[in-house]
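Open the structure in your viewer and keep the selection tool at hand. The tour moves from ring pairs to a sheet and then to a helix.

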Amino acid sequence: MPFRVLPAEPSDIPDIVTVHQASWVDDPIIGRLMPDVEPKVKYDHDVNYYKDKFEHKALTGTVMHKVVETETGKLVAFAKWKYPYSLTPEQQAEKEKLNLGRNYPPGTNEKLCAQFFHPLDTLRKKYIDEEKDYFLHLLVVLPPYQRRGLGTLLIREGLTAADGDNARTYIEASPKGLGLYQKFGWKEIDDIVIDMRPHGGTGMASEKCLMREPGAGFA
């Protein structure tokens, strides 16, 4: 096999950010969240985001996997999961003190961020039991490597753990990725719809919320 799935490490952050930014640029919603942020500022913002996720993974259940080319070692895809977790009162107090929520650099479209993230957060609270459920938060593949089965490799990695725990798995999907997730047994349970015309887009854009029961499918 020309690719391998490995645990992601903090030293991978620069490559993770490169893949992240290259893969979302054409997304009808995410691609318009930070339209006027300077590239260096956006890069530093994203680096700090992933640094926080690695440093405080015990407080958020974060588990990250990467796909690398076997021959070159190049990182070409990654997945960010939230595995089930629970916090002691001391850990919960530490998490609240750290304020690990979102922060936006100058040039962010804060109105669109509110229209997008507020309903997503509401639906996550509605559907996810953080002590029992898995959550595939991000699945990102560098554009030249898309449609080569790398997303499938990363999905299988997490679903093997979820099925082993007899746990449900939640995900949010753009229409572009919906078909892949349905092959693994995810079912649509809710969605958000945003009129993108006030934000420089065309028409309506949607994000689907899906839940997979344990053992539902394994493409």
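Rings of Phe, Tyr and Trp (its six-membered ring) count as a pair if their centres lie within 6.5 Å. By that rule, this predicted model holds 9 aromatic pairs.

**Stop 1: Tyr83 and Tyr134**

Select Tyr83 and Tyr134. Their rings form a tilted pair, 4.6 Å centre to centre, with 55° between the planes. Now trace the chain between them. Tyr83 sits in the loop between β3 (75-82) and α4 (89-98). Tyr134 belongs to strand β4 (residues 134-141).

Tyr83 has 18% relative accessibility, so Tyr83 counts as buried. Tyr134 has 3%, and therefore counts as buried too.

**Stop 2: Tyr181 and Trp186**

Next, select Tyr181 and Trp186. This aromatic pair is edge-to-face. The centres are 5.6 Å apart, and the planes make an angle of 80°. Both Tyr181 and Trp186 are buried.

**Stop 3**

**Stop 4**

Switch to a cartoon view and colour the strands. In what order do the 7 strands of the open sheet lie? The order is β1-β2-β3-β4-β5-β7-β6, with mixed pairing. Look at the edge strands, β1 (3-7) and β6 (187-195). Each of these pairs on one side only. From one strand to the next, the twist averages 20°.

Zoom in on β6 and its partner β7 (residues 204-212). The two strands run antiparallel, and 8 bridges join them.

**Stop 4: helix α1**

Select residues 13-24, which make up helix α1. The helix has 12 residues. From first C-alpha to last, α1 reaches 16 Å, close to the 16 Å expected at 1.5 Å a residue.

Which residues of α1 are buried? They are Ile13, Ile16, Val17, Val19, His20, Ser23 and Trp24. Look down the axis of α1: these residues cover an arc of only 165°, so they lie on the same side of the helix.

Finally, show what covers those buried residues. The cover includes α2 (39-55), β2 (62-69), β3 and β4.

Definitions and conventions. Residues numbered from 1 in each chain as written. Predicted model: local features only at pLDDT ≥ 70, side-chain atom pairs only at ≥ 80, totals over all residues. Heavy atoms only, no water. Pairing = 2+ DSSP bridges. Helix = DSSP H or I, 4+ residues; strand = E, 2+ residues; numbered from the N terminus. Axes fitted to C-alpha atoms, helices over the stretch in contact; angles between N-to-C directions. Phe/Tyr/Trp six-rings, centres within 6.5 Å; stacked < 30°, edge-to-face > 60°. Buried < 20%, exposed > 50% of the residue type's maximum accessible area, 1.4 Å probe, protein only. Expected span 1.5 Å × (residues − 1). Arc of directions from axis to C-beta. Contact = heavy atoms within 4.5 Å.
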